[in-house]
Amino acid sequence: MLAAMGACLVLAGAAGAGACLCLERKKRIAQLYLFTQVFGLMAGEIAYSRISLPEVFLEAGRRLEGDQGLGGVLRRLGKRLCDGTGQDIRTVWEQELGEYLRRTHLKPEERERILSFPSAVQYLDGARQQEAVAAFSRGFSEKAQQAVQAQKEENKITMALSVACGALAAILLA
């Protein structure tokens with residue numbers, strides 16, 4: 001009786017581990033879509049309002065929910081750039097977004113792409129700046145769509161392997 005109960009627990013634990021891996025993929029996709037939305041908001045603000053990047057960060061931060069999330073990070077970033085101390089956008093961007101990105105499920109190359117944002121939008125011309133920000137949005141949208149397509153198959157494989165490994169462990173332990 002105890003052996004059967006133990007085998008069921010081992011199998012459930014293995015399935016739970018597989019489900020956690022699937023959940024991480026889902027969170028990564030959600031974060032990719034969030035950055036698609038953020039860069040889209042910024043591109044729209046640049047195109048419509050013709051305001052400076054620090055003001056764009058403030059406005060995009062206001063539109064996103066929550067002080068702990070990306071909206072709060074963008075608001076802090078905009079405030080630091082507007083405070084009159086003359087801080088470099090690259091330094092402030094890396095400090096503010098770097099801490100936030102460490103808590104995400106994004107891949108290292110995706111994090112690096114986000115951190116390279118200030119270098120890509122150093123244009124004084126509003127149209128070129130808007131196009132550069134829109135390109136970031138399109139890039140993250142494409143990544144998210146690719147991740148969604150791959151997620152279904154990867155999740156099936158992950159769950160199958162997790163359950164199989166759990167069953168093998170339960171057999172070996174019984």
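Me: Which residues make the nonpolar surface patch?
Reply: Leu2, Met5 and Leu9 make a nonpolar surface patch of about 370 Å². Patches are made of residues with over 30% relative accessible area and no salt bridge, with nonpolar side chains (Val, Leu, Ile, Met, Phe, Trp, Tyr) joined within 5 Å and like charges within 9 Å. Accessible areas come from the Shrake-Rupley method with a 1.4 Å probe, and for residues only the protein chains shown count as cover. This is a predicted model, where local features need pLDDT of at least 70, side-chain atom pairs count only at pLDDT 80 or more, and totals for chains, interfaces and linings use all residues. Residues are numbered from 1 along each chain as its sequence is written, and side-chain values use heavy atoms, with hydrogens and water left out.

Me: Where does Leu9 lie?
Reply: Leu9 lies in helix 1, residues 2-49. Helices are DSSP runs of H or I with at least four residues, numbered from the N terminus.

Me: Is Leu9 buried or exposed?
Reply: Leu9 is exposed, at 59% relative accessible area. Buried means under 20%, exposed over 50%, and partly exposed in between (1.4 Å probe, protein chains only).

Me: Switching to helix 4. Which residues are buried there?
Reply: Ile89, Val92, Trp93, Glu96, Leu97, Gly98, Tyr100 and Leu101.

Me: What do they pack against?
Reply: The buried residues of helix 4 pack against helix 1, helix 2 (53-63), helix 3 (70-82), helix 5 (108-115) and helix 6 (117-120). Contact here means heavy atoms within 4.5 Å.

Me: Glu96 is on that buried list. What does Glu96 form a salt bridge with?
Reply: Arg80, with the closest N and O atoms 2.9 Å apart. Glu96 is in helix 4 and Arg80 in helix 3, so the pair ties together parts 16 residues apart in sequence. Glu96 has 12% relative accessibility, while Arg80 is partly exposed at 23%. A salt bridge is a side-chain nitrogen of Lys or Arg within 4 Å of a carboxyl oxygen of Asp or Glu.

Me: How many salt bridges by that rule?
Reply: The count comes to 9.

Me: What about Arg102?
Reply: Arg102 forms a salt bridge with Glu99, closest N and O atoms 3.0 Å apart. Both lie in helix 4, 3 residues apart, about one turn of the helix. Arg102 is exposed at 59%, and Glu99 is partly exposed at 43%.

Me: Which residues are linked in a network of salt bridges?
Reply: Glu45, Glu59, Arg62 and Arg63. Within it, Glu59 forms a salt bridge with Arg63 at 3.4 Å between the closest N and O atoms.

Note on methods
Helices (H or I, at least four residues) and strands (E, at least two) are DSSP runs, numbered from the N terminus.
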